[in-house]
Amino acid sequence: MAKALKEKPPMIDQQPEVVLDDSRDPIVVVDGLHIVYRVYGAGGNKGSAASALMRVVRREGRPQMKEVHAVRGVSFIAYRGDAIGIIGTNGSGKSTLLKAIAGLLPPARGGVYTDGQPSLLGVNAALMKDLSGSRNIVLGCLAMGLDMEETKKRYDQIVKFADLKPGFIDYPMNTYSSGMGARLRFAIAAARTHDVMLIDEALATGDAKFKRRSKAKIEELRKDAGAVFLVAHNLDVIEETCNRVIWLDDGRIRMDGDPQSVIKSYTEASGK
Amino acid sequence: MNGMSSESLAEFAARHGLTQSAARPRLRTYIGQVWQRRTFIWNFASAKTTSMYTSSRLGQLWQVLTPLLNVGVYYLIFGLLMNTKRGVSDFMPFLVTGVFIFTFTQRSVTAGAKSVSNNLSLIRALHFPRASLPFSYVIIELQQLLISMIVLFIIVLAFGEPLTLHWLLIVPILALQLVFNMGVALVLARIGAFTPDVQQLLPFILRTWLYTSGVIFALGEFSKRLADHSWLIEILKLNPGSVYLELARTSLIESYRTTDLPRWGWSDSNLWWYAIGWAIIAFAGGFWYFYRAEERYGRG
């Protein structure tokens, strides 16, 4: 039999066996990965200063804190040149898995090993919507780790790709239509090349014309990247772009294989 | 299926030269990474400041108006209503210097405590050394302080204090205070990231600190009552909350330097050593403490 993982018993039947293929060049190895993150209950009783002090003294967390076990023992190997689609229902752990591959969420158990730095395609969190588009381009590029010189070099290209109405680049981003905002965000995010590129639903934004252009841009980025991971609900996009699909179900890998067969089983399982 | 292999995935990864992606870099690499991010740190701070004021009509004018209004309130309460001079020759410059300098530390500490916990979405989306966040938040306060300083200079001059060469010392004083603030902000950023309750407690701690730091009364005058406990006076002087504002007062207010301090038998020579010592201890210790949890900040 193929190499089974040293996992705790309940996990074994969930995880398809991982095959070590020495003829290809691995770029991402995910080994028995568990991700647990904490959420704080919204609102509720915050308690008095004195009770807060006692909690700090006793080193307790907030009482309403909950732990979410989002990824439960995932293992697989991605090889150079792979374009892997990740599918699954809402809350199955797709985005969490991407963030863990990027090294942005620390593993509770297991590990992620990579060649080069995987990065998420997206800068939304760094942008400030009440600042102008041009200011956000600079901020976004710097946040992605470019220096000022590289940022200036890419500036015109980003403006051109975002294809905003004239003058809008100097207006605050909260005056943009949702399509314009999405175009600018994508243009900024795509200004950098990545070793391992992780895309979370990025294709689902903008009008038909922009979708075509962004798809072309992703193809271009893919050529420079060692591997691509794509999370999307649109199964057509996955089938078109990926050579392999991983189906996540409740934080575990349900199936891992070629797009046609995985997507077929997935649509059958999710029904109608 | 490749049969009987007993190689684990981790060994397979190691053999192909892959490295763990969420691992903490070595301290030296980390310092280099933070230094590379200096343009981002400064730009993020400026952007935050601008964005903070866009929703108000007067916009960034508030950066000047807020300290001015504060001074107005202090003048009303301490200058006119209470009419306290409390043994200080020139009370208003004394008070305003104290309040502005202490506010810089106070606001840096508060901002530092929320710098990581308020930016979880950023931490979960992009790679950057997390220490950039507390640094950025202290830079925001520095930008605010520099504007307050202009207001302060005008007030000190308006109350008849002369412009002397001693004023130049305010530059190294603020630089040392900035380094100290960054260190404390780093410590609180880590504590605040894992124990959000700290943000509820900080106002009380900071208010207590304010009252023991001689911001609104003169520590020198107070120390006369503690004459037989000289060690207690030394501890009061050692308090970093008071070190930086006492130095600022001796630099900006001539009457404080030439009349008040000699009357209490104080000098500022020790204060410089305290200021340098606190800056080094806080920064080195804070940076180390923050760095030790670098890979865990995303978990919340």
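Two strands count as paired here if DSSP finds at least two bridges between them. On that basis, chain A of this predicted model has an open sheet of six strands, in the order β5-β6-β7-β3-β8-β9 and with mixed pairing. Over in chain B, there's a helix pair worth a look: α4(B) and α7(B) pack at an angle of about 50°.

**The sheet in chain A**
- At the edges sit β5 (118-121) and β9 (252-257) of chain A, each pairing on one side only.
- On average, neighbouring strands are turned by 20° against each other, if you ignore direction.
- Take β3 (residues 83-87) and β8 (residues 244-249) of chain A: they pair in the parallel sense, over four bridges.
- Within that pairing, Ile86(A) has Ile246(A) in β8(A) as its bridge partner.

**Helices on the sheet**
- Helix α3 (residues 94-101) of chain A packs on the sheet and touches β3, β5, β6 (196-200), β7 (227-231) and β8 of chain A. Its direction makes about 155° with that of β7(A).
- Helix α9 (residues 259-270) of chain A lies across β3, β8 and β9 of chain A, and runs at about 25° to β8(A).

**The helix pair in chain B**
- The axes of α4 (residues 62-81) and α7 (residues 132-158) of chain B are 9 Å apart, and the angle between these helices is about 50°. That angle is why α4(B) counts as oblique to α7(B).
- The crossing of α4(B) past α7(B) is right-handed.
- From α4(B), Gln63(B), Val64(B), Pro67(B), Leu68(B) and Val71(B) meet Gln144(B), Ile147(B), Ser148(B), Val151(B) and Ile155(B) of α7(B). The residues of this contact split into seven nonpolar, three polar and no charged.

Conventions
Residues are numbered from 1 along each chain as its sequence is written. Chains are lettered from A and ligands numbered from 1 in the order in which they are written. This is a predicted model: local features need pLDDT of at least 70, side-chain atom pairs count only at pLDDT 80 or more; totals for chains, interfaces and linings use all residues. Axes are lines fitted to C-alpha atoms, for helices over the stretch in contact, and angles run from 0 to 180 degrees between N-to-C directions. Helices (H or I, at least four residues) and strands (E, at least two) are DSSP runs, numbered from the N terminus. Angles under 35 degrees count as roughly parallel, over 145 as roughly antiparallel, 65 to 115 as roughly perpendicular and the rest as oblique. A crossing is left-handed if the near helix is turned anticlockwise from the far one by less than a right angle, and right-handed if clockwise. Two residues are in contact if their C-beta atoms, placed from the backbone, lie within 7 Å. Ala, Val, Leu, Ile, Met, Phe, Trp, Tyr, Cys and Pro count as nonpolar, Asp, Glu, Lys and Arg as charged, and the others, Gly among them, as polar.
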